Amino acid sequence: CAFSGLAFAKTYVVGTSAGFPPFEYVDENGDVVGFDVDLVKAIGELKGFDVEVKDISFDSLPAALKTGNIDMIAAGMTITTEREKVLDFSQPYWTANQSIIVTEDAQEGLTLLFGDHDIGVQTGTTGDIWVTDNIKEKGILTGKVAHYDTFVLVVSDLINGNLDGVVLDTPVAESYAAQKPVKVVAEIVTGEEYGIAVDEGNTELLDLINEGIDELKANGKMDELITKYFK
Ligand code: GLN
């Protein structure tokens with residue numbers, strides 16, 4: 001009988017924002033893939049749940065968690081004290097800094113942050129917050145900080161000549177530089193750590209995620225994922 005002894009695995013909805021290669025991006029078939037997607041799937045396999053991935057703008061992810069539209073965020077999201085006020089994070093699974101990218105033929109580097117330059121960011125990211133708080137609000141940058149919903153749009157506006165530079169996470173900057181006519185010209189050492197986020201107090205799911213990360217590190221699967229996406 002089809003129903004006897006069958007345990008139906010729970011499905012958790014994972015929110016991500018697919019302009020963040022190689023952590024999450026849309027492949028040639030239109031599927032959302034990447035390191036984070038494989039990571040949550042691998043955790044689910046070990047801990048007995050299925051995952052469904054929802055692609056939404058980065059800035060909307062915390063609200064989607066609050067309204068119950070998603071159960072967790074896997075989006076290269078940096079663990080910050082501000083975010084920890086409303087979300088609970090897993091143990092860190094990645095460390096990163098910020099970088100500045102420019103078009104391939106551009107001359108300037110860090111000087112882009114001074115004076116009349118237009119800098120693009122993805123709304124709500126640590127790069128956005130860093131540029132706004134440390135550079136724009138202090139009057140160091142007199143040009144604009146242009147906000148976009150996804151890095152796909154920021155990078156295409158850079159290539160189209162509408163921006164002088166873009167600030168984004170270093171591993172993602174390097175990934176774009178490998179695929180598009182852009183280059184990394186400077187790094188801003190922010191020492192960020194990425195975690196998977198759940199709604200505040202959802203210890204049941206958070207425990208599964210943390211155990212899963214531990215097990216993936218111990219069984220070699222984490223190293224396999226790193227090799228798949230970063231080597
Ligand atoms: N790590 C950065 C942050 O948390 C950027 C993440 C992203 O754009 N997906 O803000």
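**Ground rules.** I count two residues as in contact if their C-beta atoms, placed from the backbone, lie within 7 Å. Helices (H or I, at least four residues) and strands (E, at least two) are DSSP runs, numbered from the N terminus. I'm looking at a predicted model, where local features need pLDDT of at least 70, side-chain atom pairs count only at pLDDT 80 or more, and totals for chains, interfaces and linings use all residues. Residues are numbered from 1 along each chain as its sequence is written.

**Helix α1.** I started with its buried residues (20 or more other C-beta atoms within 10 Å of a residue's own, C-beta atoms placed from the backbone; exposed is 12 or fewer, partly exposed in between). They are F35, D36, V37, L39, V40, A42, I43 and G44. What do they pack against? I found β1 (10-16), β3 (24-26), β4 (32-33), β5 (49-55), α7 (203-218) and α8 (221-230).

**Domains.** I looked up the domain assignment (bounds from an automatic or database assignment). It gives domain 1 (11-93 + 195-230) and domain 2 (96-191). Their centres, taken over C-alpha atoms, are 25 Å apart. I see 11 residues of domain 1 in contact with 13 residues of domain 2. The domain 1 side has four nonpolar, six polar and one charged residues. For these classes, Ala, Val, Leu, Ile, Met, Phe, Trp, Tyr, Cys and Pro count as nonpolar, Asp, Glu, Lys and Arg as charged, and the others, Gly among them, as polar.

I73 touches G15, L61, L65, I196 and A197, leaving aside residues up to four places away in sequence.

**Ligand.** Which residues surround the ligand? I listed S17, F20, F58, A75, G76, M77, T78, Q122, T125, T126, D169 and E192. (Near here means a C-beta atom, placed from the backbone, within 6 Å of the molecule or strand.) By class, this shell has four nonpolar, six polar and two charged residues. Domain 1 and domain 2 both give residues to the shell, so the ligand lies between them.

**Last look.** P21 and P22 are joined by a cis peptide bond, with omega about 0°. P22 sits in the loop between β2 (19-20) and β3.
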